[in-house]
Amino acid sequence: MKDKRILLEDLDRQSSQCTRCVLCRGRHNVVFGVGNPDAEVMFIGEGPGEQEDLKGEPFVGKAGILLDKMLTAVDLDRHKNVYIANIVKCRPPQNRDPQPEEQEVCIAWLRRQFAVIRPKIIVCLGRIAAARIIKPDIRIKKEHGTIIKKGGVLMMPVLHPAALLRNPSDKPGAFEDFLRLQKLIIENCDHTYDEETLHILKNS
Ligand code: SF4
């Protein structure tokens, strides 16, 4: 079997030509994903915003900076031990929600990313991703931080970092979810944390 990195690069190249839905019309870049192809933890958002569209990388605007801070707080890093992608790979105009039919078409790319990476844990960033991946009627304000197992994969919905920027009073609860995620990683993952970090975390 080809190396995961090569498989993802192939998919990235293919998706960069995708015109399967109307979102291709206004894009600067197809925002495929970023991270370690061998990640055990995958974060899924809903779709690229303006900065992401311009730079071709998910979560690089203000919400992305907050996400990176939250990842750092639990010893995660987008370039080291997680993978980040979105439900739709092209920016919806004026940052509107991706339409169900757009999600339906584009999720084929995400399925192919899952098939290569095969994460043990999926973290859904916000309602749209959680509704698509975990359950359609999710109430994100109430159910964030809960853990479910689906298809052999552990899944957790969390509040979207953009929502946290709008409602800073929700940040402590969101941070608790990340601490719960860290515990889940310690219990279920083999190589997300290096041995030294794992030792420190287990004894703290
Ligand atoms: S959003 Fe997805 S399906 Fe639509 S054009 Fe972009 S890559 Fe293709």
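**Sheet, core and ligand shell**

Analyst: Strands E5 and E6 (residues 153-158) pair in the antiparallel sense over 3 bridges; helices (H or I, at least four residues) and strands (E, at least two) are DSSP runs, numbered from the N terminus, and two strands pair if DSSP finds at least two bridges between them. This is a predicted model, in which local features need pLDDT of at least 70, side-chain atom pairs count only at pLDDT 80 or more, and totals for chains, interfaces and linings use all residues. Residues are numbered from 1 along each chain as its sequence is written.

User: Which residues touch the most other members of the largest nonpolar core?

Analyst: A nonpolar core is a set of buried Ala, Val, Leu, Ile, Met, Phe, Trp, Tyr and Cys residues joined through C-beta atoms within 7 Å. A residue is buried if 20 or more other C-beta atoms lie within 10 Å of its own, exposed if 12 or fewer, and partly exposed in between, with C-beta atoms placed from the backbone. The largest core has 49 residues, and those touching the most other members are Met42, Ile44, Val82, Val123 and Cys124.

User: Is phenylalanine 59 buried or exposed?

Analyst: Phenylalanine 59 lies in the loop between helix H2 (50-55) and helix H3 (62-73). Its phi is near 55°, a positive value in a residue other than glycine. Because phenylalanine 59 has 27 C-beta neighbours inside 10 Å, it counts as buried.

User: Is glutamine 94 buried or exposed?

Analyst: Glutamine 94 is in the loop between strand E3 (83-86) and H4, and its phi, near 50°, is also positive. With 7 other C-beta atoms within 10 Å, glutamine 94 is exposed.

User: Which helix gives the most to the shell around the ligand?

Analyst: The ligand is surrounded by 15 residues, the closest being Cys18, Cys21, Cys24, Cys90 and Cys106; a residue is near a molecule if its C-beta atom, placed from the backbone, lies within 6 Å of it. With 4 residues, the helix that gives the most to this shell is H4 (residues 100-117).
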